[in-house]
Every structure is written in structure tokens, then in C-alpha cells.
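Subject: Structure handover and notes

Dear colleague,

Please find the structure below, with my notes after it. Could you read them with the coordinates open?

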Amino acid sequence: MNRLLLYVVLALLAFFSTSSTVLGRSAGISPQPGLWLVESTTLINGVNLMDTIRAAQQQMLAELPPEYRDVVAQALEDPEDVGRDYQCIGADDIAVIMDPHAYLQRVNDEMPECRFNIVRTDGAMIRLAGNCDDADGFSGQFDGELRIVSPTEMRSLFFGQGRYLVDVDLPGIEIPDDGKVEMRLEEKSVWVSADCGAVSVR
């Protein structure tokens, strides 16, 4: 996947929930620090990106000579882990999650080609809307919400619509000549343990 399109997808999936003067606090909810399992689903023009990555991996392995197949398979991400990631959320991350304006600043800093604004906050939910403008990549709109469901669960759902005006090769995903793309980015994060083990704070 081309760098900017992948960056837009991953950056939107990389963050968690916030709200009101202090997100979640008005609802009595604060996420637990520690190790979280993040499960993501990304649809581009209606096609599941994670499924295409798995299929591309399997096809590549099938085309390799048998003597190289095991070595390459060990170097690749396990197909079952595509779309799954473990993240260590520390006290500083929790502070950002609980402050909608700090959260918004982080998103905008991490995505300089895009600009997001807070549309609405309600208890443990924040709704954002934004625009991306890059002549060499994606230009369009994103909107969605992020929610703290409980101290051990957070969810986000974003929709994007716009154009991608440079050549990009996404196996199994067709991008028309006019570059129109629609994205659906969904993430569920579940607390696993207070001990992050070998996973570093992000």
C-alpha cells in the first residue's frame, strides 16, 4: 500500500477514546493502564484490507520454492495476527485519552496532512470530523466516534470518503481511475493485563 494511504489508515486506528471537559470522567469511566489487545477491521471500497493482506501472503508463499517457503513464512506476520496488535498504554496515554483537547492535538500532530475537529462530546464518547488534503495522496473527509465502553474496553469507528490520485497497488482492492475511495475503519481494544511484559509503552 502507498505510504500516505497506509498512514491515514494506521494513524486513525492508532488512537483511543475521549469526551466532554474530561472524556469518560463524567461517566465515571477511566481506561486501565497496561497491556491492551487491539483488533482492527479496515474496509476500502467495501473490501476487507486484512483479508487481502492474508491472501497476498498465502499467494506469495505458494509461489516460492519449497526450500525457501518456511524461512519466509517465519519472517512474515502470522496470518491470524493480521489486524491484531498488542499495545502498552501508560499513564501519559491515559491522561491524553481523558482530555479531548489533548487527544485532538495528538491526532492532528500525528497526521499533518489532515485536520480534525471535535464535533460533539457526550459522556464517554467523542465525535470527530476532519479533512485530509495531499496533492500526492489522499484528499477527502473522515468522521467518526471514539468511545470508552468500560475501564477495560474501548471502541472506535471512522468513515472516510475522498480521492487517492496517485498509483497504488492494493491486491484485491480496485481503485477506479478517478481515484475515489471509501474507507471504514473499526477498532475494538480490550484490556489484557496490568503488566505489559516485553511490549513497550507506545
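The notes below go from the overall make-up to individual elements and residues.

The model is predicted, so local features need pLDDT of at least 70 and side-chain atom pairs count only at pLDDT 80 or more, while totals for chains, interfaces and linings use all residues. Residues are numbered from 1 along each chain as its sequence is written, and side-chain values use heavy atoms, with hydrogens and water left out.

Overall make-up

The protein chain has 5 helices and 8 strands; these are DSSP runs numbered from the N terminus, with helices being H or I of at least four residues and strands E of at least two. Along the sequence the order is α-β-β-α-α-β-α-α-β-β-β-β-β. Of the 202 residues, 40% count as buried (buried is under 20% relative accessible area, exposed over 50%, partly exposed in between, with a 1.4 Å probe and protein chains only). Among contacts with a separation of 6 or more, 67% are between residues 24 or more positions apart, where contact means heavy atoms within 4.5 Å.

E4 (residues 114-122) pairs with E5 (residues 125-132) in the antiparallel sense, over 8 bridges; two strands pair if DSSP finds at least two bridges between them. In this pairing Arg 120 stands opposite Arg 127 of E5. The hairpin of E4 and E5 has 2 residues between the strands, and Gly 123 there takes a positive phi near 60 degrees. E5 also runs antiparallel to E6 (residues 138-150), again with 8 bridges, and Ala 129 has Asp 143 in E6 as its bridge partner.

The aromatic pair

A search of the whole structure finds 1 aromatic pair (rings of Phe, Tyr and Trp, the last by its six-membered ring, pair if their centres lie within 6.5 Å; planes under 30 degrees apart count as stacked, over 60 as edge-to-face and the rest as tilted). The pair is formed by Phe 116 and Phe 158 and is edge-to-face, at 6.3 Å centre to centre and 85 degrees between the planes. Phe 116 lies in E4 and Phe 158 in E7 (residues 153-164), so the pair ties together parts that are 42 residues apart in sequence. Both Phe 116 and Phe 158 are buried.

Helix H5

Which residues of H5 are buried? They are Pro 100, Tyr 103, Leu 104, Val 107 and Asn 108. These cover an arc of only 130 degrees around the axis, which puts them on the same side of H5; the arc is that of the directions from the helix axis to the C-beta atoms. His 101 and Asp 109, on the other side of H5, are exposed. The buried residues of H5 pack against helix H4 (91-97), E4, E5 and E6. At the start of H5, a side-chain oxygen of Asp 99 comes within 3.1 Å of the backbone nitrogen of His 101.

Asn 108 belongs to H5 (residues 100-110) and counts as buried at 6% relative accessibility. A polar atom of its side chain lies 2.8 Å from the backbone nitrogen of Phe 116. Leaving aside residues up to four places away in sequence, Asn 108 touches Cys 114, Arg 115 and Phe 116.

Trp 36 is placed in E1 (residues 34-44) and is buried, with a relative accessible area of 0%. The side chain of Trp 36 reaches the backbone oxygen of Gln 32 at 2.8 Å. Trp 36 and Ser 189 are 153 residues apart along the chain, and their C-alpha atoms are separated by 6.3 Å.

Asn 45 lies in the loop between E1 and E2 (47-48). Its phi is near 50 degrees, a positive value in a residue other than glycine, and Asn 45 is partly exposed, with a relative accessible area of 28%.

H2 (residues 49-63) has 15 residues and reaches 21 Å from its first C-alpha to its last, close to the 21 Å expected at 1.5 Å a residue (the expected span is 1.5 Å times one less than the number of residues). In H2, the buried residues include Leu 49, Met 50, Thr 52, Gln 57 and Leu 61.

Regards

How values were computed: Polar contact = N/O pair within 3.5 Å; in protein donor to acceptor, adjacent residues only side chain to side chain.
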